[in-house]
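Here's a quick briefing on one helix pair and the chain around it. Have a look at the model first, then read on.

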Amino acid sequence: MTPKQAWVLALASLASFMMALDSLVVTTALSTIRQDLTASLEALEWTVNAYNLTFAVLLLTGAALGDRFGRRRMFVGGLAVFTVASVACALSPNIGSLIASRALQGVGAAMVLPLSLTLISAMFPPRQRGKAMGLYLGITGLATFGGPFVGGVIAEGLAWQWIFWLNLPLGLIVIMLTARRVDESVGPNNRFDLGGVVLVTLGAFGIVWGLVRGNAAGWSSAEVLGALVLGVALVVAFVLWEQRTKAPMLPMRFFRVRAFATANPANFTVFASLYGTLFFLAQYFQTVHGEGPLGAGLRLMPWTATLMVCAPIAGALADRYGERVFVVGGLLLQTIGTGWLAMVADTDTGYLELLPALIIGGIGLTMAMPAAQKSVVGAVQPQEIGQASGAFMMLRIFGGVFGVAVAVAVFASVGGYASPEEFSEGFAAAMGAVSALAFIGMLVALGIPAKRPAAMPTPPQPTGAAIRNTASAETTGR
């Protein structure tokens, strides 16, 4: 790894760590926030969901802006928005201000995360990309799995505002170092696809709104059904638009490549099973085992350990053996781990009885994530990685929202919060649903090519110079 590669990997990973941490860090501090800001239960729900909502619907837009106006420039701009929004969260005088600031955080994260992956993928050649993504995901995953624990530590030891104040020095450091150490780059398009941006943003917003509001408003309500139908219709319109526009933000020809078309939905189920499990697991430790926020967060640490150890190894091995075996094997282990939880979880089940299932599931997830990312970005030309990364990230967040929605719906139909016994019944059913999602993803992942094919060619160019440039880019990619 060259010094320039090391700087790009370190800065992109640190920025991704900040974004991932804030997606979950508030979960164990919600009780403190409720008391301090006199918030209702629905307002607390939106404190979590406002971030994911704007994050998901703007991911493709963030990647498109980076390709058009400069990846480093928009990466730094997104960090600035996220840092300012974090300060606004810490200074929020009421719950409404906190929700609005959390939504603004999601806007910044939507600009940073896809471009962090793009910067890494563009800096590392295919033979090194899997290992780099494994390291990147190891650091990012530490935030994902450690978020509830960190939130509990800060909420009990300091004050909930410090969850957001921590982003100020980190954000400023990453902004300054990125401006000095990372080179500017752009994507292949010199036109901004405004029509595509509007359609995909509104379509994604409708789908995410329906998923988030489904359990509260009712899945058969006019609000939820209308939002889902309108969202799907706009996504279909987006697909038709992208097939006809001269400078698409997401070329539909990507989906004609088997690696891209199968790794994306497989990764969707990876994050659906991850977030569906994580949403209820900390609550299970608190409601059934009687642990506090810190104790529940501590019991999630085996996931963190497996991610830090296994993700870099799995990413490096994927470079040698191909992506399919790791995505399929990882989802199989997650199916076994969550199925184990569904069978043994009860009011008298000890932590040591659950620990093997946690470790098995954690290893599975960390096997699948870097391999799926490598498969997606390896299916396109280097100059098109930004567009592919945006689609990959958006589907990842959608997977998380979908996984939580499914797990909550199943939980509500079987259990509840009235007693530990009732919660345990709902938790077991929810883990069964999560296991089914992972199994479906494993079946989809069987379609990933055993060995990554050569990068797909770009469409023929009308001029000799353009043809020579395309040939040069293909040679570099090989």
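In this predicted model, the axes of α12 and helix α16 (residues 351-377) cross at roughly 150° and come within 9 Å. Angles over 145 degrees count as roughly antiparallel, so α12 is roughly antiparallel to α16. As for handedness, the crossing of α12 and α16 is left-handed.

**Who touches whom**
- On the α12 side, the contact is made by A259, F260, A263, N264, N267, V270, F271, S273, L274, L281, Y284 and F285.
- α16 answers with Y351, L354, L358, L365, A368, M369, A372, S375 and V376.
- Sorted by class, this contact of α12 with α16 has 17 nonpolar residues, four polar ones and no charged ones.
- As a reminder, an α-helix has 3.6 residues a turn, so residues three or four places apart point the same way.

**α12 by itself**
- Helix α12 covers residues 258-287, which makes 30 residues.
- How much of α12 is buried? The helix is mostly covered, with 23 of its 30 residues buried.

**The whole chain**
- The protein chain has 19 helices and zero strands.
- Of its 478 residues, 56% count as buried.
- Take the contacts in the protein chain with a separation of 6 or more: residues 24 or more positions apart account for 83% of them.

Definitions and conventions
Residues are numbered from 1 along each chain as its sequence is written. This is a predicted model: local features need pLDDT of at least 70, side-chain atom pairs count only at pLDDT 80 or more; totals for chains, interfaces and linings use all residues. Side-chain values use heavy atoms; hydrogens and water are left out. Helices (H or I, at least four residues) and strands (E, at least two) are DSSP runs, numbered from the N terminus. The expected span of a helix is 1.5 Å times one less than its number of residues. Buried means under 20% relative accessible area, exposed over 50%, partly exposed in between (1.4 Å probe, protein chains only). Axes are lines fitted to C-alpha atoms, for helices over the stretch in contact, and angles run from 0 to 180 degrees between N-to-C directions. Angles under 35 degrees count as roughly parallel, over 145 as roughly antiparallel, 65 to 115 as roughly perpendicular and the rest as oblique. A crossing is left-handed if the near helix is turned anticlockwise from the far one by less than a right angle, and right-handed if clockwise. Contact means heavy atoms within 4.5 Å. Ala, Val, Leu, Ile, Met, Phe, Trp, Tyr, Cys and Pro count as nonpolar, Asp, Glu, Lys and Arg as charged, and the others, Gly among them, as polar.
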